[in-house]
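Here are my notes on this one, in numbered points. Have the model open while you go through them.

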Amino acid sequence: MNKRNYQKELEKTIAFHTGRGEVPSLLLHSCCAPCSSYVLEYLSEYFKITVLYYNPNIYPQEEYACRVLEQQQFLRKFPLKYETAFIEGDYDTGRFYQMAKGMEDLPEGGERCFACYEMRLREAAGYARRLGMDYFTTTLSISPLKDAQKLNDIGGRLAGEYGVKYLYSDFKKNNGYLRSIQLSKEYGMYRQDYCGCVFSMRSREK
């Protein structure tokens, strides 16, 4: 079976709408400001974006607050073609720990992370439906450590559940990750040295 090229699919979606003179609305789940930088630079040329910062996995609370502030500051500083809205989701850490129950000792990048992807994408799909958005997606695929195929599989399934189209993508392509590092340096952004949850922190410390 040929592996899907999500970047090509994204380009086709963009070409379809630009060819019709359309600027669709997009609910973009952001995991952090550095990861959102290239994604916003790229997609804001073609979509009217609402950024959702929903990451109840982040530990500790001080780290969460720091990352939220960094996201808000970047959105204020960065020039975007269309006005971009920002939503801070609930910091409902209990939901994260309930989701992770029984998977605390699994290695990073496995089933616990996949469940965390779905928890956050499900929240994004719910917001997209309530707000009447045309698409939803996430910045998570920009990380070389995140499984783009798994993210897109989850997003496609949730699109069917919520009745909102999922924007298939793999933002690490076309040097997206490298560009995000450049933008982070250019804007003096705080770049965390662990994914975010207490389990990833422990893994880093080991």
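Predicted model: local features only at pLDDT ≥ 70, side-chain atom pairs only at ≥ 80, totals over all residues.

**Notes on strands, cysteines and pockets**

1. Strand β1 (residues 25–29) and β4 run parallel to each other, joined by four bridges. Opposite Y135 of β4 you'll find L26.

2. Residues are numbered from 1 along each chain as its sequence is written, and side-chain values use heavy atoms, with hydrogens and water left out.

3. β4 also pairs with strand β5 (residues 165–166), again in the parallel sense, over two bridges. The bridge partner of Y135 in β5 is K165. Strand β4 (residues 135–138) is covered on both faces: Y135 and T137 on one side, F136 and T138 on the other, are all buried. Buried means under 20% relative accessible area, with exposed over 50% and partly exposed in between (1.4 Å probe, protein chains only).

4. How many disulfides are there? Zero, by the rule used, which asks for a pair of cysteine sulfur atoms within 2.5 Å. C113 is in none, and its nearest cysteine sulfur, that of C195, is 6.3 Å away. C113 is buried at a relative accessible area of 15%. C116 is in no disulfide either, with the sulfur of C197 the nearest at 6.8 Å; C116 is buried too, at 6% relative accessibility.

5. The largest pocket holds about 530 Å³ of space. (A pocket is an open set of points on a 1 Å grid over the protein atoms alone, where a 1.4 Å probe fits, with protein on both sides within 12 Å along at least five of seven lines; lining residues have an atom within 4 Å of a point. Points are joined across faces, edges and corners, and the volume is the space filled by probe spheres set on them.) Of its 24 lining residues, S143, L145, K146, Y194 and C195 are closest to the centre. α5 gives the most to this lining, three residues.

6. The second largest pocket has about 170 Å³ of space. Its lining includes E104, D105, R112 and K206, and helix α8 (residues 198–205) gives the most, with three residues.

Conventions: Pairing = 2+ DSSP bridges.
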